Amino acid sequence: QLQASGGGLVQAGGSLRLSCAASGRTFSLRRMGWFRQAPGVERELVAAIRWTGISTYYADSVKGRFTISRDNAKNTVYVQMNSLKPEDTAVYYCAADIVGRTISTKTYDYWGQGTLVTVSS
């Protein structure tokens, strides 16, 4: 089970940190990702991280502004979002991969509920 939190309303240029806590078969986790989906737009993988922390992936649209990290002891993955823009407004979802696929692939096995991020101009 994945529980996402941390969404909210922020002004452009501001920051938010999203959290995703995993429970259950956490020993199977291999990769965690954050997706976002705005109305009428295809779901986008914005960041991903190996559970070992060895490698990360960022979409071009968020490079240099978002940082993904994980706390193995807490079974939690975070995404720190800085310099937010109105175009970052979306529902953000966390996802878990228990297979260990390529870091940038969009295929995941489990999904959390979304958390809404709204960036005002």
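Me: What makes two residues count as being in contact here?

Reply: Contact means heavy atoms within 4.5 Å. By that definition, and leaving aside its neighbours within four places in sequence, Arg 36 is in contact with residues including Glu 42, Glu 44, Ser 61, Phe 66, Glu 87, Asp 88 and Tyr 92. This is a predicted model, in which local features need pLDDT of at least 70, side-chain atom pairs count only at pLDDT 80 or more, and totals for chains, interfaces and linings use all residues. Residues are numbered from 1 along each chain as its sequence is written, and side-chain values use heavy atoms, with hydrogens and water left out.

Me: Why is Arg 36 called buried?

Reply: Buried means under 20% relative accessible area, with exposed over 50% and partly exposed in between (1.4 Å probe, protein chains only). Arg 36 has a relative accessible area of 8%, and is therefore classed as buried.

Me: What makes the approach of Arg 36 to Ser 61 a polar contact?

Reply: A polar contact is a pair of N or O atoms within 3.5 Å; within protein, one must be able to donate a hydrogen and the other to accept it, and residues adjacent in sequence count only if both atoms are side-chain atoms. The side chains of Arg 36 and Ser 61 are joined at 3.4 Å, and the pair is listed as a polar contact.

Me: What joins strand 5 to strand 6?

Reply: Strand 6 (residues 56–58) pairs with strand 5 in the antiparallel sense over 3 bridges, with Thr 56 as the bridge partner of Ile 49. This hairpin has 5 residues between its strands, and Gly 53 in the turn has a positive phi of about 85 degrees.

Me: Why are strand 1 and strand 7 called edge strands?

Reply: An open sheet of 4 strands has the order 1-3-8-7, with antiparallel pairing. Strand 1 (2–5) and strand 7 (66–71) each pair on one side only. Strand 1 is joined to strand 3 (residues 16–22) by 4 bridges, and Gln 3 stands opposite Ala 21.

Note on methods: Two strands pair if DSSP finds at least two bridges between them. Helices (H or I, at least four residues) and strands (E, at least two) are DSSP runs, numbered from the N terminus.
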